[in-house]
Amino acid sequence: MELDFDKTGGLIPAVIQDNNTGQVLMLGYMNREALEKTEQEGLVTFFSRSKNRLWTKGETSGNTLEVISISGDCDADSLLIKVKPNGPTCHTGSTSCFGEEEKANRTAAIQFIAQLEQVIQERKANPAEGSYTNFLFEKGVNKIAQKVGEEAVETVIDAVAGELETMKGEAADLLYHLLVLLAATGLELKDVVAVLQDRHQKK
């Protein structure tokens, strides 16, 4: 990676992004030595302008940033570093130095659904012994559809009764079985979302 450190006085900005959620966590600065240390050790290290030295994020708190990937921009004068954060990134205890905790939680939830769908698709392509998902695939669409119906009814019963805690579990079962049903019929969640998007645009 050829970066132009001289262009920016020896320091280049590094945007830190959560690899799983896509949330921007913080902005720091790196010189050549900081970048080399980051690449060698796999933990994000910045150059502290206030302390005038290198500092590895989390060296005191333990909230380190494990490097997933490093890429430069088109002008070779800034970096995007995707990481796995080990704890909150901000010194205030927040996930991100830019706030937006609620938005980050929603993003993480959506990302997990995508990961769950991927696992289900992988089970369909490569059956694993003892897998409940594969048990459902073996039983076929009719059985899976039956399970979706059962979980839907149980979710409705809890909702009407005001049993919100148990409703969460039933809704989770409903969502899981729906993803399995989509996979069994050759559909994906994006196909359903496309219908919702089309309806939204027509409103």
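Buried residues, meaning those under 20% relative accessible area with a 1.4 Å probe and protein chains only, make up 30% of the 203 residues in the protein chain. The model is predicted: local features need pLDDT of at least 70 and side-chain atom pairs count only at pLDDT 80 or more, while totals for chains, interfaces and linings use all residues. Residues are numbered from 1 along each chain as its sequence is written, and side-chain values use heavy atoms, with hydrogens and water left out.

The protein chain has six helices and six strands, taken as DSSP runs (helices H or I, at least four residues; strands E, at least two) numbered from the N terminus. Its radius of gyration is 23 Å, well over the 17 Å that the globule rule gives for 203 residues, so the chain is more spread out than a compact globule. That radius is taken over C-alpha atoms, and the rule is 2.2 Å times the number of residues to the power 0.38. Along the principal axes, the C-alpha atoms fill a box of roughly 65 × 45 × 40 Å.

UniProt lists residues 26-98 for "domain: Phosphoribosyl-AMP cyclohydrolase" in an unreviewed entry; such annotations may be inferred rather than shown by experiment. The end C-alpha atoms of this span lie 7 Å apart, and the span is 14% helix and 38% strand.

A disulfide is a pair of cysteine sulfur atoms within 2.5 Å, and the count comes to zero. The sulfur of C90 is 4.0 Å from the closest cysteine sulfur, in C97, too far for a bond. Exposed means over 50% relative accessible area.

| Cysteine | Relative accessibility | Class |
|---|---|---|
| C74 | 77% | exposed |
| C90 | 11% | buried |
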